[in-house]
Amino acid sequence: MNTKPSDISLKKRFSSNFLILNGILLTVTIISTLILSPRLVVMHTPYKLGDIADKNIKATTDFFVEDTNATNQQREIARDSVLTVYDYDKSLPDTLNRQINAAFSRPRSILEPAAASGGNKAQKQNQPLDSKIKNPNDIHSEVLSLKPEFEKNIGIPVNGGAYKILENEKFSENIADLISSILSKILRNGVVANKDLLLKENDKGIVLKTIGADSEMVVRNLKHFYGLDQAKTMVRIVGEPVLKDIDYTVVNLIVDFTQRLIQPNITPNRSETEKRRTEAEALINSTLYRIQRGEMILREGERVTPLHLLKLNALKAQTGTKQALEKGIGTALIIFALLTITYLIHLKYQREILHYQNKNLFFISSVVILFLLILQFFASLAQAVVSGAPVTISPASIFYSIPLAAGPMTICQFLGFNIAFPFAIVLSLISAIIFENSYEMCLFFLLNGIMGAFWVQNCKERKGFIQAGVKVGLLNILLATIIDVYMIDFSGFKLLWDWTFAFSGGIIAGITTAGLTPLMELTFGYTTDSSLHELANLDQPLLRRLMLEAPGTYHHSVIVGSLAEAAAAEIGANPLLAKVCGYYHDIGKLKNPLYFIENQNNGKNIHNKLAPSMSCLILTSHVKNGIELAKEKKIGQQILDAINQHHGTTLISFFFNKAKQQAKEDQVVNIDNFRYPGPKPQTRETALVMLADVVEAASRTLEHPTAARIQGLVQQLINKLFSDNQLDECPLTLKDLHNIARSFNKILNGIHHHRVEYPERFTPGESKEKNGNTDRQPAETPKNIDDEDTENSPSTLKRLGQS
């Protein structure tokens, strides 16, 4: 047995797990860095306009600040310099001319032949008799029926009086030409719908773009263009030279038709104008000025101005894009170094980690990642709450409510305080990255994490988590007060807010631990003290079954549990775990209870009729049966290990010697066939169950169990297991063995103590016999323990268990 956990078998185990170990460390490093990545950028206090700066802020690198006002001003100038684009429809006069000719030509084609035939009588006489001469009324009706078509072709409604005038004038081609001529002259000058809007561009001019052609020109003089009303007024003025010799009624008709046919042929092209202005605006580069590294951006006590906010936002944006990769790599290296050094210096040599190392490391890694997510969530939530709160609350006040202490408290529940202590250090150091390397927040989470784990380490009931949470909350109030005094920042209601959030953080930590403990217990197969208390209840179905079906084994297991519990308390192991392991170590005997001597009540030993090898197989099978039953009932990995290891590789000497006696002279009995398959005990609690099992069973055969005999028996049995190398793989020391033996002696002396024989009254004639109890048999000659074997053997531990 070695006194250090770094024995040869553990070294082999560590070397075989090297790749897994590094994989876990790298995975935790990468995931932690990704969780922290939003915070790797330098995050400054979210100042608002008019706030007072609480610390100096310097530029961490060279960066440029955009002068938004200057940039917007330059872009506005560029935008205003773009001339408004107007479309010029050059083809509109020709289009209207075609409409007018098409409208006049059809009625004219009906009226002109009628006029010609009516004025030539000789032609009428020469016409055949059967030819039909149109009646004027029919002609009028036919022309009148063309009125809707006329209105459609010319594009304007025509009242009956105007249509009658045109009919009387035979829809004269001259009238149509006059309308087209006047209309063309006005449109070629240019007509706009809103001249007032056009004149606003008079100082700059406009771009006149011809529709249907790529040509355009800049027009500066905009006054010569007609507005729509002005164009209608100009009809009489423009037409006066050509209309002076025409009948007034016809003149009015021509003027009316021309005015109503006038349309704007110069229209603003808003989409093209906006496109050109956007392009001109995009050509203007941002106006920047350089901030050098180390330059003071904001001084403590200064009132925040728009320029300060501009610089702070630029610093945050540019450092985030420029240094995110470098900071990410640096953060990953820091976390990896922190985790690796913590493992090599502290965790590697903790006995709680050695067994099921991969599972334990994976559990610790999962808790790290989980609480970094919780930390990131609360930090982001604090920023959102501060910005939307109706009252002034500092982000640091809300940070006090983060239940980071629940991480070490959860670790302590499964792996003990020795593991939770470095875990609290690692978690608090990593959390400092989120709080801009804040020394105060790091110290706050370090102390409440350590003390939270300390207060919860002996928690046996669920309510203990809440009690520990209350203690952490009170500690948080004290720490928050100390930090506020140190920072000279306890004005107004800030201290009250700090106390409120700090105390709530402790309560939340207790509740979080209470909720996570059963979840982690189920996920990773751990057994907590709360579960052990439940298993230690003798009313458990498995123990009741053991009591009814194998009462001898049940009584033996209860005494083994008591012996292991007392010894565990002496050497600093887990007494509760040792007791529960003692209760359940022989549950495999439930399958064949009568094959074990403690359950044989009629004095017949079944093994007398069996071969030694068969008896050995039956005895060793109770370990396998116990493992199967433990897995079926899901009573915990630590108890299953105790069932598997409590016999180690010990020799079943009775049947081995019996086999040698029955063997022929030339037959060799293989000793390995009469050993338990192992493995040897790996933990102190399992080793205690092994020792208690052997000692309790042997003490039943001790005749006249005096204190000296019990002490000699205990010493002999522990020496035997020690010499057989059964304790080589568990971390028990020689001092531990001494304390274990002393504890066993005390318990066994209490179990086998002598009672005082009380005098009895005898009736006359009744014989007086010494010891009148009829259920007692006279004791045989005591079997002496060989002093030479217990004291002079080279592999014995002398005076073991003596005070």
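Q: Where do Lys494 and Asp498 lie, and how many residues apart are they?
A: Both lie in helix α22, four residues apart, about one turn of the helix. Helices (H or I, at least four residues) and strands (E, at least two) are DSSP runs numbered from the N terminus. The model is predicted: local features need pLDDT of at least 70, side-chain atom pairs count only at pLDDT 80 or more, and totals for chains, interfaces and linings use all residues. Residues are numbered from 1 along each chain as its sequence is written, and side-chain values use heavy atoms, leaving out hydrogens and water.

Q: What makes Asp498 buried or exposed?
A: Its relative accessibility is 0%. Buried means under 20% relative accessible area, exposed over 50%, and partly exposed in between (1.4 Å probe, protein chains only). Asp498 therefore counts as buried. Lys494, at 15%, is buried too.

Q: Why is the link between Lys494 and Asp498 called a salt bridge?
A: The rule asks for a side-chain nitrogen of Lys or Arg within 4 Å of a carboxyl oxygen of Asp or Glu. Here the N to O distance is 2.9 Å, so the pair qualifies. By this rule the count comes to 18 salt bridges.

Q: Which helix holds Lys147 and Glu151, and what is their N to O distance?
A: Both lie in helix α7 (residues 147–154), four residues apart.

Q: What joins Glu281 and Arg79?
A: Their side chains meet in a salt bridge (3.5 Å, N to O). Glu281 lies in helix α13 (residues 270–282) and Arg79 in helix α3 (residues 68–80), so the pair ties together parts that are 202 residues apart in sequence. Glu281 is partly exposed, with a relative accessible area of 29%.

Q: What makes Ser743 buried or exposed, and which residues does it touch?
A: Ser743 has 7% relative accessibility and so counts as buried. Its place is in helix α32 (residues 734–751). Contact means heavy atoms within 4.5 Å. Leaving aside neighbours within four places in sequence, Ser743 contacts Ala566, Ala567 and Glu570.

Q: What makes the 68 residues a nonpolar core?
A: A core is a set of buried Ala, Val, Leu, Ile, Met, Phe, Trp, Tyr and Cys residues joined through side-chain atoms within 4.5 Å. The largest such set has 68 residues, and those with the most contacts inside it are Tyr584, Ile639, Ile740 and Phe744. Apart from it lies another core, of 65 residues, among them Val367, Ile398, Ala420 and Phe501.

Q: Why is the group around Tyr439 called a nonpolar patch?
A: Patch residues have over 30% relative accessible area and no salt bridge; like charges are joined within 9 Å, nonpolar side chains (Val, Leu, Ile, Met, Phe, Trp, Tyr) within 5 Å. Tyr439, Leu443, Leu447, Tyr486 and Met487 make this patch, of about 520 Å². Helix α20 gives the most, with three residues. Tyr486 lies in helix α21. At 57% relative accessible area, Tyr486 is exposed.

Q: What makes strand β3 mostly covered?
A: Five of its five residues (84–88) are buried. Thr84, Tyr86 and Tyr88 lie on one side, Val85 and Asp87 on the other.

Q: How do you know that β3 pairs with β5 and β8?
A: Two strands pair if DSSP finds at least two bridges between them. β3 and β5 (residues 206–210) have five bridges, in the parallel sense. Three bridges join β3 to β8 (residues 266–268), antiparallel. Val85 stands opposite Val207 in β5, and Tyr88 opposite Ile266 in β8.

Conventions: Accessible areas come from the Shrake-Rupley method with a 1.4 Å probe; for residues, only the protein chains shown count as cover.
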